[in-house]
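Take a look at the model below.

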Amino acid sequence: MTDQGGAPIWRLPPRWVRRVVLAPLVVLLALVVLPVGVLLAAFVGAVMTWLLPGRLRLVRAVWMAVFYLYWDAVALVVAFALWVGSGFGWQLRAPALQRAHYVFAARMLDVLFWQVRWTLRLRIVVEDADLGHLLEGRPVVVASRHAGPGDSFILVHALLTRFDREPRIVLKDTLQWDPAIDVLLNRLPTQFVTPRSARPAAGPGMSDLVGDLARGLDHDDALLIFPEGGNVTPRRRLGRIEALRRAGRTELAAQAEQMAHVMAPHAGGLLSALDAAPQAGVVFVAHTGLDRLVTVADIWRELPMDKEIVMKGWSVQPDDVPRTTTDQEAWLFDHWRRIDEWIADRRS
């Protein structure tokens with residue numbers, strides 16, 4: 001891959017390396033860690049936790065790392081079995097196999113969040129839990145804020161289990177370093193996007209990719225997109241405001257300045273999705289509880305987290321979605337301001 005000036009940029013190894021080297025390596029590590037690593041990690045963790053401040057902080061971190069290794073390994077083994085059962089990949093895109101992958105993903109996320117609740121003491125609360133019924137029987141585009149580690153996992157889990165949706169997801173390409181995510185999501189409708197700075201000049205833009213993913217949404221599909229494009233940081237927030245000013249969007253820049261807890265959203269991907277799926281409703285999602293965990297040091301300091309993650313959604317019927325680009329951008333910023341106000345109320 002090269003940048004827009006032609007210089008090489010290396011973000012991911014080729015797919016064959018990820019499949020032939022990284023995925024088997026995870027399974028092999030799990031087999032090696034089982035007899036030796038768990039006991040050693042538990043012993044070292046106990047000693048270090050006694051020496052360091054915190055409530056079994058190191059033990060919790062080591063345990064979650066080991067658990068996630070096994071979680072990844074189990075996902076890869078079952079994914080391999082599904083591949084064999086599909087005729088060695090021949091029927092992977094068949095509806096029955098797609099549904100089997102969604103059911104499997106839901107069960108794996110159930111297990112992951114059971115462990116997260118037990119080890120990290122995280123509790124997830126969904127306000128307006130009947131929100132999914134307001135758009136029942138029609139596709140939805142879910143536009144969520146992006147803040148804190150793992151919020152995409154939380155949203156996908158809610159869509160699969162609480163609202164019985166089959167999510168199509170827009171994610172950063174570097175998440176494919178995780179073998180389980182790489183294998184499973186590349187079998188499902190997913191768009192891994194590359195930042196503009198690392199994207200080939202002749203390659204399709206994010207808006208085009210999202211529009212392609214939104215085509216063909218049916219009654220139980222949900223397209224999940226994060227219009228901010230990344231976790232909120234003060235530097236990114238100010239950079240987004242300056243970018244709007246340089247583009248002559250002074251009114252939107254002024255609105256972005258007044259939103260203290262979110263970044264100005266990129267409109268392109270969402271508008272492309274709505275253009276490709278005009279029959280879809282829209283759900284705007286806010287959440288709070290993990291937004292101040294930006295760096296590894298933040299996460300370490302908060303262990304065990306003892307936090308309550310609260311999610312809130314606002315639904316928009318398809319007939320209430322504006323159809324001109326200018327109106328849609330203003331409408332998107334209005335809803336983003338509502339998300340910012342909700343976050344401010346929760347913090348106060």
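Valine 32 is partly exposed, because its relative accessible area of 48% falls between the 20% and 50% cut-offs. Keep in mind that this is a predicted model. Valine 32 sits in helix H1, which covers residues 15–51. Together with Leu25, Leu28 and Leu29, Val32 makes a nonpolar surface patch of about 340 Å².

Now turn to helix H2, residues 57–85, where leucine 69 has its place. Leucine 69 has a relative accessible area of 18%, so it counts as buried, the limit being under 20%. What does leucine 69 touch, leaving aside residues up to four places away in sequence? Its partners are Val26, Leu29, Ala30 and Val33. Take valine 26: 43 residues separate it from leucine 69 in sequence. In space, the C-alpha atoms of leucine 69 and valine 26 are 7.0 Å apart.

| Residue | Relative accessible area | Class |
|---|---|---|
| Valine 32 | 48% | partly exposed |
| Leucine 69 | 18% | buried |
| Phenylalanine 88 | 56% | exposed |

Phenylalanine 88 is found in the loop between H2 and helix H3 (95–120). With a relative accessible area of 56%, phenylalanine 88 is exposed, because the cut-off is over 50%. Its backbone deserves a look too. Most residues other than glycine have a negative phi. Phenylalanine 88 is not a glycine, yet it has a positive phi of about 55 degrees. Aspartate 164, also not a glycine, has a positive phi of about 55 degrees. Where does aspartate 164 lie? It is in the loop between helix H5 (151–162) and strand S3 (166–172).

Next comes a pair of helices. H7 spans residues 206–214, and H10 spans residues 268–276. Their axes come within 8 Å and cross at roughly 35 degrees. The crossing of H7 past H10 is right-handed. On the H7 side, the contact is made by Met206, Ser207, Val210, Gly211 and Ala214. H10 contributes Gly268, Gly269, Ser272, Ala273 and Ala276.

Finally, the whole chain. Its secondary structure comes to twelve helices and seven strands. Of its 348 residues, 49% are buried. Consider contacts between residues at least 6 apart in sequence: 79% of them join residues at least 24 apart. The chain exposes about 17,500 Å², and carbon and sulfur atoms supply 62% of that area.

How values were computed
Residues numbered from 1 in each chain as written. Predicted model: local features only at pLDDT ≥ 70, side-chain atom pairs only at ≥ 80, totals over all residues. Heavy atoms only, no water. Patch = residues over 30% accessible without salt bridge, like charges linked within 9 Å, V, L, I, M, F, W, Y side chains within 5 Å. Areas by Shrake-Rupley, 256 points an atom, 1.4 Å probe, with all protein chains shown as cover. Salt bridge = Lys/Arg side-chain N within 4 Å of Asp/Glu carboxyl O. Helix = DSSP H or I, 4+ residues; strand = E, 2+ residues; numbered from the N terminus. Buried < 20%, exposed > 50% of the residue type's maximum accessible area, 1.4 Å probe, protein only. Axes fitted to C-alpha atoms, helices over the stretch in contact; angles between N-to-C directions. Left-handed = near helix turned anticlockwise from the far one by under 90°. Contact = heavy atoms within 4.5 Å.
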